[in-house]
Every structure is written in structure tokens, then in C-alpha cells.
Amino acid sequence: MSKEFGSGSSQACASCKHQRKKCEETCELAPFFPASRYREFQNAHKLFGVSNIQKIINSVDPSQRKEAAESILIEGNIRSNDPVHGCLGVVRNLKSQIEYYEKELGAVNQQLPFFRDKEKQHQHHAAPRASRKQPLEFGSDEEEESVDVSSLKGKKI
Ligand SMILES: [Zn+2]
């Protein structure tokens with residue numbers, strides 16, 4: 001086997017290279033897992049196993065095999081980077097970002113009528129400074145929110 005691998009060209013696909021076998025012209029995985037993605041394939045192998053990767057690819061419509069292979073490689077990479085949470089960690093992170101920005105959007109939408117009103121008043125009678133009301137509660141809200149933003153920014157995927 002190792003002799004075959006040795007004599008085989010370095011062009012063996014990632015799957016054949018991993019299995020130490022010669023990559024034939026008919027190799028079904030070669031189009032999806034080129035030698036250049038060997039390391040990524042190893043990550044995917046740790047997660048799924050070669051035979052399951054083959055099964056997944058074969059179970060998918062040929063038009064979607066490229067995408068399925070890409071997905072398998074990405075999942076393997078993510079699991080390798082985060083063995084505890086894997087893709088779930090990414091999903092959770094994105095979900096919490098969505099929740100955060102939805103909250104922020106809600107807060108901004110709540111403030112909008114106030115500022116539209118203020119703008120109108122300003123246009124209509126160019127009110128003197130002293131009569132303007134300070135939106136104190138908005139100011140303090142904003143401060144809290146911006147602290148959250150900076151803590152979120154550090155959590156980039
Ligand atoms: Zn191959």
C-alpha cells in the first residue's frame with residue numbers, strides 16, 4: 001500500500017492521500033477534495049470518517065455535491081477549532097448577535113418619534129435652548145448599549 005502511495009503522483013486527491021491509495025481517474029472524491037485541501041480533509045475525516053464522507057457525497061444530487069463537500073470541509077474545520085461547540089458555537093454566536101441587534105433596533109425605533117418630534121418643533125418655532133427638554137433616559141440607555149457593543153465586537157468568529 002505504502003509502495004503504491006510512494007509511486008503515486010503527488011496529485012492524489014485528499015481522500016486517496018489520506019487512505020494512502022492511488023487516486024484513479026475514476027476517483028469520485030477527487031473533484032471535491034483536491035490535494036491542496038488535505039489538511040481540511042483530515043479535519044473532516046476526524047469528524048465524519050472517510051466512508052461517511054463518501055456516503056454523504058453519494059447521497060446528494062450530483063449538482064449539489066460540490067456544495068456538500070464544501071460544507072463537510074467547513075464543518076470539519078470548525079470542529080477542529082472548537083472541539084466543544086463545533087458549528088453550534090458559531091450558530092449560538094450569530095444568534096446572540098441577531099438578538100442584540102434586534103434589541104438595539106427596537107431601542108432606536110423607540111427613540112425615533114422623540115427625535116422626529118424634536119426636529120419638527122425646531123423647524124416650526126426655532127425654540128430657544130432653555131425650553132428644550134433633555135432626553136436623559138435615552139442618554140443613559142445608550143451608554144449601557146455601547147458597552148455591550150464593545151464586548152460583542154471581541155467575539156468575532
Ligand atoms: Zn482520489
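Predicted model: local features only at pLDDT ≥ 70, side-chain atom pairs only at ≥ 80, totals over all residues.

Trainee: How many helices and strands does the protein have?
Mentor: There are seven helices and zero strands. Along the sequence the pattern reads α-α-α-α-α-α-α.

Trainee: And what percentage of the residues is buried?
Mentor: Buried residues are 13% of the 157 in the protein.

Trainee: What about contacts between residues 24 or more positions apart?
Mentor: They account for 47% of the contacts with a separation of 6 or more.

Trainee: On to helix packing. At what angle do H4 and H5 pack?
Mentor: About 150°, with the axes 9 Å apart. H4 covers residues 50–59 and H5 covers residues 65–81. At that angle, H4 is roughly antiparallel to H5, because angles over 145 degrees count that way.

Trainee: Is the crossing left-handed or right-handed?
Mentor: H4 passes H5 in a right-handed crossing.

Trainee: Which residues meet there?
Mentor: H4 brings Ile-53, Ile-56 and Ile-57. H5 brings Arg-65, Ala-68, Ala-69 and Ile-72. By class, that contact has six nonpolar residues, no polar ones and one charged.

Trainee: How do H5 and H6 cross?
Mentor: At roughly 90°, and their axes come within 7 Å. H6 spans residues 86–125.

Trainee: Switching to H3. Which of its residues are buried?
Mentor: Phe-41, Asn-43, Ala-44 and His-45. H3 itself runs over residues 38–48.

Trainee: What do those buried residues pack against?
Mentor: Against H2, which is 14–19, and also H4 and H5.

Trainee: What follows H3?
Mentor: Gly-49 does, and its phi is positive, near 90°.

Trainee: Now Phe-32. Where does Phe-32 lie?
Mentor: In the loop between H2 and H3.

Trainee: Buried or exposed?
Mentor: Phe-32 is buried, because 22 other C-beta atoms lie within 10 Å and the cut-off is 20 or more.

Trainee: What is Phe-32 in contact with, beyond its neighbours within four places in sequence?
Mentor: Ile-57, Arg-65, Lys-66 and Ala-69. Take Arg-65: Phe-32 is 33 residues from Arg-65 in sequence, but 7.7 Å away in space, C-alpha to C-alpha. Ile-57 and Arg-65 also take part where H4 meets H5.

Trainee: Last topic, the largest nonpolar core. Which residues touch the most other members?
Mentor: Cys-13, Phe-33 and Ala-69, out of 15 residues in that core. H2, H3, H4 and H5 each supply at least two. H5 gives the largest share, three residues.

Methods. Residues numbered from 1 in each chain as written. Helix = DSSP H or I, 4+ residues; strand = E, 2+ residues; numbered from the N terminus. Buried ≥ 20, exposed ≤ 12 C-beta atoms within 10 Å, placed from the backbone. Contact = placed C-beta atoms within 7 Å. Axes fitted to C-alpha atoms, helices over the stretch in contact; angles between N-to-C directions. Parallel < 35°, antiparallel > 145°, perpendicular 65-115°, else oblique. Left-handed = near helix turned anticlockwise from the far one by under 90°. Nonpolar A, V, L, I, M, F, W, Y, C, P; charged D, E, K, R; others polar. Core = buried A, V, L, I, M, F, W, Y, C linked by C-beta atoms within 7 Å.
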